[in-house]
Amino acid sequence: MPSVYLQNRASTIYPYKMKEGHSAALRAIIFDCDGVLVDSEPAHFEAFKRTLGADAGALTEEIYKERYLSMDDRGIFTAFYQNAGKLLDEADLKKLMEAKTNTFQSIIQNAGLMAYPAVPELVMAVSQRYPLAVASGARRHELETVLESAGVRSFFEVVVSSDDVQFGKPHPESYLKAVEQLNASGKRLTPIKPEECVVIEDSKDGIASAHAAGMKCVAVATSFPLFELAHADLVVPALASLRVSQIEDLFQSPAPMPAPVPEHN
């Protein structure tokens, strides 16, 4: 089993944006996986490069990050060949997706994966207070392997992969599907509403997906700089910097302004 990288780091409070008039209570937390829980994006990039072979050409990490990082496998291969001016039929697309999955599995089995610092501790802590889900653009087998390698799979009640949805991010389907599956468990007296959820993301498309689903979003700057994630409700450098109280504060409405005291003549 690949080792899990654990490290305690001092937490720092970062300013956040609060939406006025929001009165919903936090009832569930939904995580993206790659780039949020586990440092697996380099392995995904390498798997795509190997799968594309000679077609990869000048595909660099910077280009991958800017154009493709937030997409699922189907979206990446489709967009890549469209950008190259080449046709890709469904049969070839499926072959590429299977080949990439197998290559990714081989890479992580040989090199291992590391959870980001303090991730297992944070996930375990919040799981004691809120139901947790993962909604990722990774395929099911990849996702399960990564979560097990990080030592956090058991804390998640629901796992939604790209195999479970029709549309990838920034479409909101994966996050809405996560809420639907949390409610399908029958563990709660009343259904969880999207506005009662917060999403933890690392990409601009992920933030857009969460907001399109009607959810709050906390962004971690592991894949993009802080200023590019400014549309999130809260931005932190990494999960090691995040406190549960900061998440909960996003669901507290500002205190009403006191009524003006009438002047007496």
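## Helix α3 and its surroundings

Helix α3 is followed by G85, whose phi is positive, near 75 degrees. Helices here are DSSP runs of H or I with at least four residues, strands are runs of E with at least two, and both are numbered from the N terminus. Within α3 (residues 73-83), the buried residues are D73, I76, F77, A79, F80 and Y81; buried means under 20% relative accessible area, with a 1.4 Å probe and protein chains only. The cover over these buried residues includes α1 (41-52), α2 (61-67), α4 (90-111) and α6.

## Basis of the model

This is a predicted model, in which local features need pLDDT of at least 70 and side-chain atom pairs count only at pLDDT 80 or more, while totals for chains, interfaces and linings use all residues. Residues are numbered from 1 along each chain as its sequence is written, and side-chain values use heavy atoms, with hydrogens and water left out.

## Overall composition

The protein chain contains nine helices and six strands. Of its 265 residues, 48% are buried. Among contacts with a separation of 6 or more, 68% are between residues 24 or more positions apart; a contact means heavy atoms within 4.5 Å.

## The sheet and its helices

Six strands form an open sheet in the order β3-β2-β1-β4-β5-β6, with parallel pairing. The edge strands, each pairing on one side only, are β3 (158-160) and β6 (234-236). From one strand to the next, the twist averages 20 degrees. Two strands count as paired if DSSP finds at least two bridges between them. Strand β5 (residues 216-220) is joined to β6 by three bridges, and these strands run parallel. A219 stands opposite V235 in β6.

Helix α6 (residues 140-150) packs on the sheet, touching β2 (132-135) and β3, and its direction makes about 135 degrees with that of β3. Helix α8 (residues 204-212) also packs on the sheet; it touches β4 (197-201) and β5, and makes about 165 degrees with the direction of β5. Axes are lines fitted to C-alpha atoms, for helices over the stretch in contact, and angles run from 0 to 180 degrees between N-to-C directions.

## The largest pocket

Pockets and cavities are found on a 1 Å grid over the protein atoms alone: a cavity is a set of points where a 1.4 Å probe fits but cannot get out, a pocket is an open set with protein on both sides within 12 Å along at least five of seven lines, and lining residues have an atom within 4 Å of a point. The largest pocket has a volume of about 170 Å³, a volume being the space filled by probe spheres set on the grid points. Its lining includes G35, D39, F45, Y64, Y116 and T222. The elements giving two or more residues to this pocket lining are α1 and α2.

## The cavities

There are two cavities of 30 Å³ or more. The largest cavity holds about 180 Å³ of space. Of the 20 residues lining the largest cavity, D34, E41, L69, M71 and G137 lie nearest its centre. Both α1 and α3 give two or more residues to that lining, and α1 gives the most, with three.

The second largest cavity has about 60 Å³ of space. Residues lining this cavity include S70, M71, D72, G137, F167 and K169.

Key: Buried < 20%, exposed > 50% of the residue type's maximum accessible area, 1.4 Å probe, protein only.
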